[in-house]
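Reader: I would like to learn how to read the features of a model such as this one, taking each idea in general terms before turning to the case itself. Could we go through it slowly?

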Amino acid sequence: MPGPALKTTWRTPVLAWLEQHVPARRLTHILGVEATAIELAQRWGADLDRAGRAGLLHDLAKYFGPEQLLSEAERLGIPIDAIQRSTPHLLHADVSAGLARELFGETDPSVLAAIANHTLGNSDLDILSQILYVADWIEPTRRGEDVEIVRKAAMGSLRSAVLSGAEQTILELIHNRRLIHPRTLLTRNWALCSLQEPSQRC
Ligand SMILES: [Fe+2]
Ligand SMILES: [Fe+2]
């Protein structure tokens with residue numbers, strides 16, 4: 001079901017760039033995220049064009065190597081913390097946002113924030129950031145028990161899907177004895193608190 005964003009000409013140079021920098025399998029994921037983000041925007045009343053742009057641009061730096069991610073983050077003025085320095089892949093979302101602005105002229109703060117937040121999240125995510133975070137989890141080619149948990153949550157509300165996504169990430173990191181980035185914890189706590197009754201909100 002092509003949404004409005006799928007018909008616009010701005011996609012052509014982005015697709016050409018992606019075909020040169022991203023494996024075909026990943027391109028399928030990116031197009032799935034774009035379509036899912038548009039569907040979620042329709043369902044939850046967000047801007048369809050912004051959702052599509054965030055989806056198509058979200059993984060520009062996904063296949064950059066560790067050294068390239070670190071050098072691009074430095075060049076773009078993105079702060080790098082100790083966990084990101086030890087796992088540079090965590091920088092691909094922030095670097096993708098910088099490249100979306102630099103290569104494709106994306107200036108919308110909400111689109112850029114959604115791209116930057118799609119992996120680690122943050123506290124106080126706006127609706128577009130929630131949509132992209134969830135779309136990245138549940139686009140049609142994603143498989144797995146954890147994905148099904150997030151998909152089921154997304155039938156209820158965006159925030160409960162964000163909560164489930166952050167919790168599944170934390171569980172997997174604990175299972176594999178890996179570091180948990182503080183932004184993942186911020187995302188989980190923000191989503192949990194925002195789902196509570198106003199009188200009991202943390
Ligand atoms: Fe990503
Ligand atoms: Fe992605």
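**Reading the model feature by feature**

Author: The structure holds one aromatic pair, where rings of Phe, Tyr and Trp (its six-membered ring) pair if their centres lie within 6.5 Å, and where planes under 30 degrees apart count as stacked, over 60 as edge-to-face and the rest as tilted. W17 and F104 form this pair, which is edge-to-face, with 6.3 Å from centre to centre and 90 degrees between the planes. The pair links distant parts of the chain, since W17 belongs to helix α1 (residues 11-21) and F104 to helix α6 (residues 92-104), 87 residues apart; helices (H or I, at least four residues) and strands (E, at least two) are DSSP runs, numbered from the N terminus.

Reader: What conventions stand behind such values?

Author: This is a predicted model, in which local features need pLDDT of at least 70 and side-chain atom pairs count only at pLDDT 80 or more, while totals for chains, interfaces and linings use all residues. Residues are numbered from 1 along each chain as its sequence is written, chains are lettered from A and ligands numbered from 1 in the order in which they are written, and side-chain values use heavy atoms, with hydrogens and water left out.

Reader: How is burial read, and is W17 buried or exposed?

Author: Buried means under 20% relative accessible area, exposed over 50%, and partly exposed in between (1.4 Å probe, protein chains only). W17, with a relative accessible area of 15%, is therefore buried, whereas F104, at 23%, is partly exposed.

Reader: Which residues does L99 touch?

Author: Contact means heavy atoms within 4.5 Å. L99, placed in helix α6, touches L60, A61, F64, E72, R75, L76 and F104, not counting residues up to four places away in sequence. L99 counts as buried at 4% relative accessibility, and its C-alpha is 7.2 Å from that of L60, although L99 and L60 are 39 residues apart in sequence.

Reader: Which residues are in contact with D94?

Author: D94 also has its place in helix α6 and is buried, with a relative accessible area of 15%. Leaving aside neighbours within four places in sequence, D94 is in contact with I78, Q84, A116 and R183. Q84, for its part, sits in helix α5 (residues 82-86) and counts as buried because its relative accessibility is 4%. The residues that Q84 touches, again not counting those up to four places away in sequence, include L70, P79, D94, H181 and R183.

Reader: How should I read two helices that cross, and at what angle do α10 and α11 do so?

Author: Axes are lines fitted to C-alpha atoms, for helices over the stretch in contact, and angles run from 0 to 180 degrees between N-to-C directions. The axes of helix α10 (residues 158-175) and helix α11 (residues 182-195) come within 9 Å and cross at roughly 145 degrees. A crossing is left-handed if the near helix is turned anticlockwise from the far one by less than a right angle, and right-handed if clockwise; that of α10 and α11 is left-handed. Among the residues that meet are R159, V162, L163 and I170 in α10, and L185, W190, A191 and L195 in α11. By class, this contact of α10 with α11 has nine nonpolar, five polar and three charged residues, where Ala, Val, Leu, Ile, Met, Phe, Trp, Tyr, Cys and Pro count as nonpolar, Asp, Glu, Lys and Arg as charged, and the others, Gly among them, as polar.

Reader: What does R159 touch?

Author: Not counting residues up to four places away in sequence, R159 touches Q130, W190, A191, S194 and L195. At 32% relative accessibility, R159 counts as partly exposed.

Reader: Which residues does the annotation "domain: HD" cover?

Author: The UniProt annotation "domain: HD", from an unreviewed entry, covers residues 26-141; UniProt positions are given in the numbering used here, feature names are shortened, and annotations may be inferred rather than shown by experiment. In the model, the end C-alpha atoms of residues 26-141 lie 10 Å apart, and the span is 67% helix and 0% strand.
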